[in-house]
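Here is a short report on one protein chain. Look at the model first, then read on.

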Amino acid sequence: QTLCNCASSCTSTTISDSIIECDSFESCEGSALTVSTRLNCDGYESCEDTLVTTDTANVYCSGYRACLDATIDVFNGVYSANCGGSNGCRDAHIESIYMIKCSGNYGCYSADELRPYNDLQCTGHYGCKYAQVYGGGATDIYCDGSYSCNSIYINSIEDDKTLYCRGYRSCYSTTFTGISSIKGNGYYSLEDSTIDNIGLTTSYVGLTGYYAGEGLDIKCRDGIPCRIYCDGYGCKDTTIYYDTKSDVTIASNGYISSIDTACKLSMFMDTYYSDSVWCPTLIKLTSEIEAELEKKEATRAAKNAKESAQDEFKEENEPLFESDERKVEFQANKFVGVGYNNNDMN
């Protein structure tokens, strides 16, 4: 067992041990760590810019910015990378044969690469916002925290796997392509997003959360079966853009209908069902409308990029202290649990 309990005590070293404890400010920063049982990165930036490799250990990034810019490789199918600290795995590169857990607030925020081969769990507030996700295998993605998958990039996941948007605005303001099954269970979970089934063989979107599809655009491409499930207010203010009507089916409360039957002949109040289910708006996808939608998506992407840059600036420009030494002392005390007085910040 290796204990790195003092600030910068194991910085820029190579360590191989069964248990490694990096408990203090930058205690293992810039090091190469090979661990066989457990790695705990509990201190503030304790494992920043660190290379971590393991076949038989769980990795815990529990401190504030503990694994900032780290590269973590977990090569065994029953162990995981756990980003439980606030900003715990911010800007990190993580590959895990089992799963990646982003449970801390901003846990995997802006991660440069998340490559899970089982599940990705984004349960923290802003847990996977701006993260780059590459489906390595049988990956379900769970966006349970509020704004947890806002502006996430997902390369692809297998056809029989699902993106679950279960938290408040969890998949807000994001473009999703290459994902065959998306379920919006959370309150406003897919608000102002775009789902495009281009390149797929089939697609399914379930909107069961309250106003889950508020402002959502769904593009149903020619020749690709496009199934939409609506419940309650889930599809209210959702728009389906279709190439061919026959490719689109809409289900609700066990009934499956073509778009003519479901959303036109059975309407009572605008796009409102008699059984208290709102229907999406249906629009033929023309080249002119496609151009307008692309412009809308580009504007959204630019807005998200600007917000990301502003967030990075705020994160990097921390409060100024009388001296760098005083700053380190305050940060170390604050983020490893030692008591401090709020007046120390003045």
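The chain has three helices and 25 strands. Both are DSSP runs numbered from the N terminus: helices are H or I with at least four residues, strands are E with at least two. This is a predicted model, where local features need pLDDT of at least 70, side-chain atom pairs count only at pLDDT 80 or more, and totals for chains, interfaces and linings use all residues. Residues are numbered from 1 along each chain as its sequence is written, and side-chain values use heavy atoms, with hydrogens and water left out.

Some values for the chain:

| Property | Value |
|---|---|
| Residues counted as buried (under 20% relative accessible area, 1.4 Å probe, protein chains only) | 51% of 346 residues |
| Accessible surface (Shrake-Rupley method, 1.4 Å probe) | about 14,800 Å² |
| Part of that surface belonging to carbon and sulfur atoms | 47% |

Five strands form an open sheet with parallel pairing, in the order 16-18-20-22-25. Strands pair if DSSP finds at least two bridges between them. Strand 16 (175-177) and strand 25 (281-284) are the edges; each has a single partner strand, so one side of each lacks a neighbour in the sheet. Strand 16 pairs with strand 18 (residues 194-196) over three bridges, in the parallel sense. T175 stands opposite T194 in strand 18.

Y168 lies in the loop between strand 15 (163-165) and strand 16.

Methods. Buried means under 20% relative accessible area, exposed over 50%, partly exposed in between (1.4 Å probe, protein chains only).
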